[in-house]
Amino acid sequence: MSWDFETEPEYQAQLDWADAFVREEIQPLDLVAPDLQFVPPSKALAQVLDPLKEQVKAHGLWATHLGPELGGKGHGQLKLALLNEILGRSPWAPHVFGCHAPDTGNAEILAHYGTPEQKDRYLQPLLNGEIFSTYSMTEPHAGADPKEFTTRAVKDGAEWVINGWKYFSSNARTAAFLIVMAVTDPDVSPYKGMSMFLVPSDAPGVNIVRNVGLANEQKLGDGFHATIHYEDVRVPADAVLGGEGQAFAIAQTRLGGGRIHHAMRTIGLAKKALDMMCERALSRSTQGTLLAEKEFVQGYIADSYAQLTQFRLFVLYTAWKIDKYNDYLKVRKDISSIKATMPTVLHDIAQRAMQLHGALGTTNEVPFHQMMLAAQIMAIADGPTEVHKVTVARQLLRDYRPSKDPLWPDQFIPTLLEAAQEKYAHYLEQVGTL
Ligand SMILES: Cc1cc2nc3c(=O)[nH]c(=O)nc-3n(C[C@H](O)[C@H](O)[C@H](O)COP(=O)(O)OP(=O)(O)OC[C@H]3O[C@@H](n4cnc5c(N)ncnc54)[C@H](O)[C@@H]3O)c2cc1C
């Protein structure tokens with residue numbers, strides 16, 4: 001029997017190194033070079049970043065999201081989870097460790113479904129951290145329901161011609177290529193009639209109409225989430241990823257990995273909020289006592305710890321299951337459940353930390369507003385919470401059957417008692433209660 005919550009000492013030593021490295025070397029970078037993660041680095045920034053990346057490589061922790069069977073240096077999802085919860089504290093850290101979204105998920109589907117030529121052209125430079133990529137799936141009129149997508153790819157001789165609109169195609173403005181989901185056969189079920197295309201971002205007809213910014217970004221149209229009009233974009237036949245009609249299956253792989261990786265990093269962000277909450281509780285006095293001694297505050301801390309620990313264990317357990325089955329689909333219920341839980345956990349802990357910081361909590365001098373926005377983004381990106389809850393319920397219900405008697409539940413005590421009395425009649429006769 002093996003049932004263990006401990007990390008092996010060798011890997012724990014690597015994690016300890018990563019923890020100190022992120023705190024001392026990378027978190028300061030978050031302050032001096034904010035919002036530059038998806039911009040090709042200037043010479044000056046590269047001079048800072050490259051030696052940091054070299055240190056990560058020397059410690060064997062570069063791009064560990066893909067295992068050796070997929071051409072990476074990874075150690076599986078469980079170890080990745082333990083690393084990602086450290087990296088989640090800092091926007092720059094996943095980049096310095098070569099495992100940032102959305103490129104990780106894109107690398108994963110290239111590794112799973114790409115031809116050797118596609119891997120040479122796109123996967124290797126992605127894993128080397130030389131290029132950025134975009135996953136271009138959501139359409140303006142239909143985000144949460146891919147069955148409604150209308151972007152169309154039509155064969156013309158040896159080429160495909162793509163037409164349609166996509167939005168929230170993150171980082172398209174700096175990506176070298178886009179993975180575009182399009183209808184290739186409108187006459188069959190959408191589950192079989194859509195395909196994924198690898199489209200170089202400089203292909204004629206890839207028109208970025210707007211670069212949408214998030215709520216905390218001031219300048220309109222200067223964000224990183226592109227609305228794209230694909231207008232007669234021509235790609236060769238070998239630009240299809242994983243074969244015609246495979247888009248839904250590929251999307252499940254893509255989004256399964258993406259969702260759990262976000263959850264891993266969210267643990268780190270929520271832990272940062274809890275750390276700040278505890279520090280504040282021990283630092284601020286009012287009406288004669290520390291905040292830490294007020295029962296309301298103790299409640300905030302206890303609730304936050306319980307929420308975070310439950311969430312963390314669920315994520316680690318799911319990561320362990322993915323390693324065990326090597327298949328996201330088999331773990332879909334758990335991934336969706338985590339995805340649906342994540343926004344509330346991060347929101348609640350960040351909000352309580354914000355509250356305990358009083359006026360300061362509402363300012364741009366502490367990181368809570370970004371955490372609150374991140375929580376809301378987690379409730380939408382990669383599918384809204386509601387849709388994931390539906391998935392969980394459907395999957396769970398598959399393992400249940402209606403009650404034998406439609407009128408009374410199987411646990412209806414009068415029926416159970418009757419059966420129990422029959423089973424133990426000999427005992428009841430002896431003690432005389434029958
Ligand atoms: C920061 C960020 C980055 C993103 N990056 C990418 C990217 O790189 N590539 C990409 O393709 N997409 C990306 N997305 C898009 C994201 O995947 C979609 O926003 C998401 O799938 C929801 O689609 P929608 O916004 O059109 O919402 P809608 O489909 O309009 O849904 C709106 C709301 O309706 C409700 N709702 C929807 N369906 C149901 C249902 N079945 N039952 C009950 N209620 C429901 C939910 O409350 C939902 O939030 C990103 C989104 C964000 C916020």
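**Figure 1. F168 sits in strand β3.** F168 is not a glycine, yet its phi is positive, at about 60°. For comparison, most residues other than glycine have a negative phi. Strands here are DSSP runs of E with at least two residues, helices are runs of H or I with at least four, and both are numbered from the N terminus. All panels show a predicted model, in which local features need pLDDT of at least 70, side-chain atom pairs count only at pLDDT 80 or more, and totals for chains, interfaces and linings use all residues.

**Figure 2. The ligand lies between two domains.** Why is the ligand shell placed between domain 2 and domain 3? Domain 2 (133-241) and domain 3 (248-397) both give residues to the shell, so it lies between them. The shell holds 19 residues, and the closest to the ligand are M137, G143, A144, S170 and P384; a residue counts as near a molecule or strand if its C-beta atom, placed from the backbone, lies within 6 Å of it. At least two shell residues come from each of β1 (133-136), β3 (159-170) and α13 (385-397). Strand β3 gives the largest share, 3 residues. Sorted by class, the shell has 10 nonpolar, 7 polar and 2 charged residues. In this scheme Ala, Val, Leu, Ile, Met, Phe, Trp, Tyr, Cys and Pro are nonpolar, Asp, Glu, Lys and Arg are charged, and the others, Gly among them, are polar.

**Figure 3. Domain 1 touches domain 3.** The domain assignment gives domain 1 (9-114), domain 2 (133-241) and domain 3 (248-397), with bounds that come from an automatic or database assignment. Between domain 1 and domain 3, the C-alpha centres are 21 Å apart. Their contact takes 20 residues from domain 1 and 21 residues from domain 3, where two residues are in contact if their C-beta atoms, placed from the backbone, lie within 7 Å. On the domain 1 side, the elements giving two or more residues are α3 (77-87) and α5 (103-113). Helix α3 supplies the largest share of that side, 8 residues. The domain 1 side is made up of 10 nonpolar, 7 polar and 3 charged residues.

**Figure 4. A cis peptide bond joins A101 to P102.** Omega for this bond is near 0°. You can find P102 in the loop between α4 (93-96) and α5. In general, most peptide bonds are trans.

**Figure 5. Helix α8 meets both α10 and α9.** Two packed helices are described by the angle between their axes and the distance between the axes. The axes of α8 (residues 247-283) and α10 (residues 332-356) come within 9 Å and cross at roughly 20°, which makes α8 roughly parallel to α10. Axes are lines fitted to C-alpha atoms, for helices over the stretch in contact, and angles run from 0 to 180 degrees between N-to-C directions. Angles under 35 degrees count as roughly parallel, over 145 as roughly antiparallel, 65 to 115 as roughly perpendicular and the rest as oblique. The crossing of α8 past α10 is left-handed, meaning that the near helix is turned anticlockwise from the far one by less than a right angle (clockwise would be right-handed). This contact has 18 nonpolar, 3 polar and 5 charged residues.

For α8 and α9 (residues 295-325), the axes come within 10 Å and cross at roughly 160°; the two helices are therefore roughly antiparallel. Helix α8 passes α9 in a left-handed crossing. Among the residues that meet are I260, M264 and K271 in α8 and Y300, F311 and R312 in α9. The contact of α8 with α9 comprises 18 nonpolar, 2 polar and 2 charged residues.

Figure 6. The axes of α10 and α12 (residues 368-378) come within 8 Å and cross at roughly 160°, which makes α10 roughly antiparallel to α12. Helix α10 passes α12 in a left-handed crossing. Residues making the contact include M342, L346 and H347 of α10 and F368, M371 and Q376 of α12.

Key
Residues are numbered from 1 along each chain as its sequence is written.
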